[in-house]
Amino acid sequence: MSWRIGVDIGGTFIDFCAMETGTNRFETIKVLTTPNEPGKELLDGLSLLQERHGVAPEEVISFVHGTTVGINTIIQRKGSRLALITTAGFEDVIELARLRMPEMYSLFCARPEQLIPRDLIHGVRQRQLANGAVAEELDRAALADVIATIRSKDVDGVVISFLHAYRNPTHEAQAKALIAELAPELFVFTSSEVWPVIREYERSTTAILNGYVHPRVAGYLGALEAALASRGVPAGPMLTKSNGGLMNAQTGKRACVNMLLSGTASGVIGAAYLAEQAGIAHVLTLDIGGTSADLALIIDGKPQFGTGETVGDFPLFVPSVSVTSIGSGGGSIAWADAFGVLKVGPESAGSTPGPACYGRGGTRATVTDAMATCGFLGHTPIAYDQIGMRRDRAEAVIGELAGLLGLASQATAEAIIAVAVSEMFVEVNKLVARYGVDLREFTLMPFGGAGPMLGCFLARELGIPHVMVPQRPGVVSALGGLIADVKGDFIQTIFAPSAAESLPRLREALLRLKADGSSWIRDEQGFTGQVIETLSADMRYHGQSFEIEVPLSESWLAEGDIAAIDAAFHRQHLAIYDFNDEAGEVQIVNLRLVVSGTTERPGLAPVPEAASGTVAAERLIPVWLDGASQEVALYHRNALRHGHSFSGPAIVAQDDTTICIPAGFEAHVDGWLNLHLTLRTEA
């Protein structure tokens with residue numbers, strides 16, 4: 001037999017999901033991350049898989065890896081020192097941005113500090129027009145002077161972003177070649193090679209993010225390849241991308257910006273697979289790890305995609321799964337501000353030292369410590385026996401914070417949980433407003449190490465009537481990487497009216513996109529299976545500032561059916577905004593092509609019903625819940641069978657997480673061994 005392995009690295013744990021081909025047997029483990037020794041946790045996990053489950057490295061035929069190294073580099077601002085070269089007169093492009101404040105109604109709101117300081121931004125004379133024509137040639141002498149200045153300022157790399165380079169990349173290519181000649185020690189990225197789209201700010205900031213994380217991502221991926229080779233793993237590593245797809249590590253070393261949201265995206269892909277398996281169409285995903293809580297919507301069985309997602313303080317304009325993230329995880333630190341108000345996060349204890357209850361030297365109260373103090377944790381081994389729970393240490397740090405707040409320890413612990421849930425509540429409402437959905441029609445799917453701990457509390461506050469906890473919630477993101485498709489996005493700006501005279505340009509652009517997509521997936525990724533191509537266009541009414549993405553059929557372009565293209569846009573505009581103008585002039589801004597190579601999904605079948613009726617609890621345990629001490633039933637997930645049911649309040653312990661169920665929820669186990677929790681409604 002051979003094995004396929006999916007891996008997801010978070011702030012506290014690295015999760016492994018291994019599937020044996022032929023039998024579809026799944027094995028999962030979690031290992032604490034080692035931030036001071038990058039890569040060690042990966043080797044530790046491979047050793048543990050072999051020891052416990054017989055997963056021999058030489059039998060691994062596929063290795064898929066999701067990582068947060070890129071996004072953490074941006075959040076912690078530990079990336080490369082960059083210089084930016086722009087068209088003369090446009091040196092302030094990233095500072096001006098779109099003249100929007102992050103929080104327009106806040107008197108204390110401030111713009112984030114840019115990743116490239118103003119003294120490292122230089123303009124050179126050159127000009128290309130919007131149609132791609134050269135109005136002024138690149139001033140090579142001036143550029144040479146700029147390169148000399150940049151070399152004197154101890155920078156690591158250069159980003160080049162010229163006006164209208166999306167239409168004609170010639171000047172950017174010339175500038176890159178001159179830098180390679182005069183300063184070969186500097187790495188260089190051009191905006192036209194990273195993401196060639198109209199709008200200079202979006203194109204520039206995407207290229208900057210790519211360059212900012214490049215050294216750390218490339219170094220990390222090189223170490224990953226070496227580590228796998230040292231263990232005799234024959235499969236080259238594949239990486240999960242922000243768009244929910246995969247690419248190989250060699251591509252990832254240059255196209256770093258495409259993997260900034262890799263871990264969060266693969267979690268949504270895994271959740272969509274599990275929801276489809278269970279027959280659930282609408283899902284709100286809640287992925288809580290040690291550092292953050294990530295929220296996303298699955299509508300009609302499909303994850304939502306978009307551009308402009310925020311990474312740290314900056315917008316990311318490559319296609320990505322739409323995920324909202326906040327610094328509220330299991331390891332988020334609780335603290336009192338100068339006014340004595342309780343706060344939770346965004347600082348996290350991570351894996352080193354971790355929450356105090358992990359017994360690894362943590363001295364500050366975290367959400368996990370609050371759950372332990374309330375009595376929800378510590379009754380069975382956790383994290384596949386990686387951690388021994390120290391409730392006494394959790395109570396000690398919670399007690400210190402309680403003294404500052406003037407509250408009892410258990411009341412403080414419950415308040416920490418309530419604050420963390422309230423922060424998620426606010427973000428969910430923003431997400432709901434963006435998509436205009438009714439949460440009463442949705443199922444909450446909590447996963448990650450801490451998602452099931454807090455999921456029912458959040459569902460209760462939001463009025464979501466149904467919660468589904470997967471069989472292995474702690475490794476859903478790793479599972480998502482295991483089943484993701486090889487996927488690439490390609491784009492070309494058209495900026496033309498939707499009219500017959502634009503058809504030659506549209507057809508030419510489509511041929512170029514198809515050639516680029518085929519070269520990428522066949523030659524660069526080495527994919528030999530069936531490829532699916534999906535065509536769309538960014539369209540708008542003439543005079544609108546922004547566009548919407550509209551699915552198109554290739555036959556419409558081939559047959560010149562402009563009426564079908566316009567009708568598709570009108571329908572999409574109506575669906576999104578409840579308004580359209582069928583007499584309005586329509587513009588096509590960008591043409592997009594997505595190429596996907598399908599990954600074989602595991603052929604699993606539901607287990608037959610083995611039991612029915614109420615299952616007996618393992619024992620009763622005392623907890624502090626809803627402002628009072630009470631005894632609740634404890635169950636172990638391995639003992640729950642298809643058809644079992646029970647009522648809350650209860651705790652379900654398992655190797656990768658703990659499920660906390662308040663009163664009011666009825667539990668039932670389905671054929672896929674998912675745990676369904678239904679909130680009772682008052683008669």
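## Close-up views of a predicted model

**View 1. Strand β32 has one covered face and one uncovered face.** His-644 and Phe-646 make up the covered face of β32, while Ser-645 and Ser-647 make up the uncovered one. In a regular strand, side chains alternate between the two faces of the sheet. Please keep in mind, here and in the views below, that this is a predicted model.

**View 2. Strand β32 pairs with β29 and is also joined to β35.** With β29 (residues 613–614), the pairing is parallel and runs over 2 bridges. Look for Thr-614, which stands opposite Ser-645 of β32.

**View 3. A cis peptide bond links Gly-648 to Pro-649.** Omega for this bond is near 5 degrees. Pro-649 sits in the loop that connects β32 (644–647) with β33 (650–653).

**View 4. Gly-345 and Pro-346 are also joined by a cis peptide bond.** In this case omega is about 0 degrees. Pro-346 belongs to strand β22, which covers residues 342–348.

**View 5. Arg-199 takes a positive phi without being a glycine.** Its phi is about 85 degrees. You will find Arg-199 in the loop between α6 (191–194) and α7 (200–230). Is Arg-199 buried or exposed? Its relative accessibility is 18%, so Arg-199 counts as buried, the cut-off being under 20%.

**View 6. Asp-626 is a non-glycine residue with a positive phi.** The phi value here is near 55 degrees. Asp-626 lies in the loop between β30 (619–625) and β31 (628–636). With a relative accessibility of 42%, Asp-626 counts as partly exposed.

**View 7. Helix α12 has a span that agrees with its number of residues.** The helix takes in residues 409–435, 27 residues in total. At 1.5 Å a residue, α12 should span 39 Å, and its end C-alpha atoms lie 40 Å apart, so the two values agree. Which residues of α12 are buried? Among them are Thr-412, Ala-413, Ile-416, Ile-417, Ala-420 and Val-421. The buried residues also include Met-424, Glu-427, Val-428, Leu-431 and Val-432. Just after the helix comes Gly-436, where phi is positive at about 65 degrees.

Key. Residues numbered from 1 in each chain as written. Predicted model: local features only at pLDDT ≥ 70, side-chain atom pairs only at ≥ 80, totals over all residues. Heavy atoms only, no water. Helix = DSSP H or I, 4+ residues; strand = E, 2+ residues; numbered from the N terminus. Buried < 20%, exposed > 50% of the residue type's maximum accessible area, 1.4 Å probe, protein only. Expected span 1.5 Å × (residues − 1). Pairing = 2+ DSSP bridges.
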